[in-house]
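Subject: Handover of a structure

Hello,

Here is the structure to be handed over. Please open it first and keep it in view while reading the notes below.

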Amino acid sequence: MPRQVEKKAFLFYASTLDILKELPEERQGKVAMALIEYGLDDYNYFGEFSGTLSIFQPLERILFRSVIYEIGVQKRRYYNKNLIRGAIETFQNVISTSYNLDTKTKDTYIGTINVLKEKYQYVMKHDERNIPDEINALLPEEISELFHKRYEVKCWKDYIKEMLEKRLENEPRNLSDDIKEIILDVVLQIRCTSSMQIRCA
């Protein structure tokens with residue numbers, strides 16, 4: 001299971017256990033393990049793209065749709081907070097190790113840290129804001145380079161592209177790269193003009 005940061009826990013509600021008990025005994029353990037692995041997998045942030053959930057049978061996907069969504073919300077919140085924390089730490093490291101920083105730049109960096117701390121406090125459970133883009137907009141070039149060396153910022157478009165590439169691998173027809181790009185553009189346009197429920201992770 002690919003991992004970016006070591007996620008230690010997620011909320012597993014009693015109502016999920018009630019749904020699990022409705023499954024045949026031989027499926028309960030497998031489905032529970034898939035949910036746990038997905039909850040602790042801090043690399044995949046959208047349920048439909050996680051390989052750990054591929055063992056679900058069609059009825060199980062329907063039964064656990066809301067559970068998967070809730071776990072996904074927790075994961076995106078965790079990811080957003082981790083990115084903000086990482087940006088703050090990057091600024092703090094630069095301030096503490098760069099002896100040639102002028103006062104104006106240092107004050108600007110401290111001001112940005114305060115903005116990031118405020119964002120951290122308000123990353124709510126169902127926050128639909130595009131946190132990675134908000135962070136990128138705040139980072140000066142020299143800070144951005146240091147930040148991106150440590151943190152891989154993934155956007156929902158990356159996940160759409162990965163999912164599409166996986167689906168097209170099994171396509172019996174030989175599609176050219178140009179056709180694949182057109183398909184991706186169409187899918188992204190449809191997603192962008194919908195309710196925009198999927199945001200950057």
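What volume does the second largest pocket have? The second largest pocket has a volume of about 180 Å³. A pocket is found on a 1 Å grid over the protein atoms alone, as an open set of points where a 1.4 Å probe fits, with protein on both sides within 12 Å along at least five of seven lines. Grid points are joined across faces, edges and corners, and the volume is the space filled by probe spheres set on the points. Rolling a probe the size of a water molecule over the atoms shows where empty space is left.

This is a predicted model, in which local features need pLDDT of at least 70 and side-chain atom pairs count only at pLDDT 80 or more, while totals for chains, interfaces and linings use all residues. Residues are numbered from 1 along each chain as its sequence is written, and side-chain values use heavy atoms, with hydrogens and water left out.

The pocket lining

The lining of the second largest pocket is made of 11 residues, where a lining residue has an atom within 4 Å of a point. Leu11, Val73, Gln74, Arg77 and Tyr78 lie nearest the pocket centre. By type, the lining has 4 nonpolar, 1 polar and 6 charged residues. Here Ala, Val, Leu, Ile, Met, Phe, Trp, Tyr, Cys and Pro are nonpolar, Asp, Glu, Lys and Arg are charged, and the others, Gly among them, are polar.

Arginine 77 is in helix α4 and is partly exposed, with a relative accessible area of 35%.

The overall fold

The protein has 9 helices and 0 strands; these are DSSP runs numbered from the N terminus, H or I of at least four residues for helices and E of at least two for strands. Of its 201 residues, 38% count as buried. Buried means under 20% relative accessible area, exposed over 50%, and partly exposed in between (1.4 Å probe, protein chains only). Among contacts (heavy atoms within 4.5 Å) between residues at least 6 apart in sequence, 71% join residues at least 24 apart.

Single residues

Threonine 16 belongs to helix α1 (residues 14-21). Threonine 16 is buried, at a relative accessible area of 4%. Leaving out residues up to four places away in sequence, threonine 16 touches Leu35, Phe64 and Val67.

Arginine 76, in helix α4, is buried with a relative accessible area of 17%. Arginine 76 and valine 123 are 47 residues apart in sequence, and their C-alpha atoms are 9.8 Å apart.

Aromatic rings

How many aromatic pairs are there? The count is 3, for rings of Phe, Tyr and Trp (its six-membered ring) with centres within 6.5 Å; planes under 30 degrees apart are stacked, over 60 edge-to-face and the rest tilted. One of these joins phenylalanine 56 and phenylalanine 64, edge-to-face, at 5.8 Å centre to centre and 75 degrees between the planes. Both of these phenylalanines are buried.

Why is the pair of phenylalanine 91 and tyrosine 109 edge-to-face? Their ring planes are at 65 degrees, with the centres 5.2 Å apart, so the pair counts as edge-to-face. Phenylalanine 91 lies in helix α4 (residues 65-97) and tyrosine 109 in helix α5 (residues 103-121), 18 residues apart. Phenylalanine 91 and tyrosine 109 are both buried.

Regards
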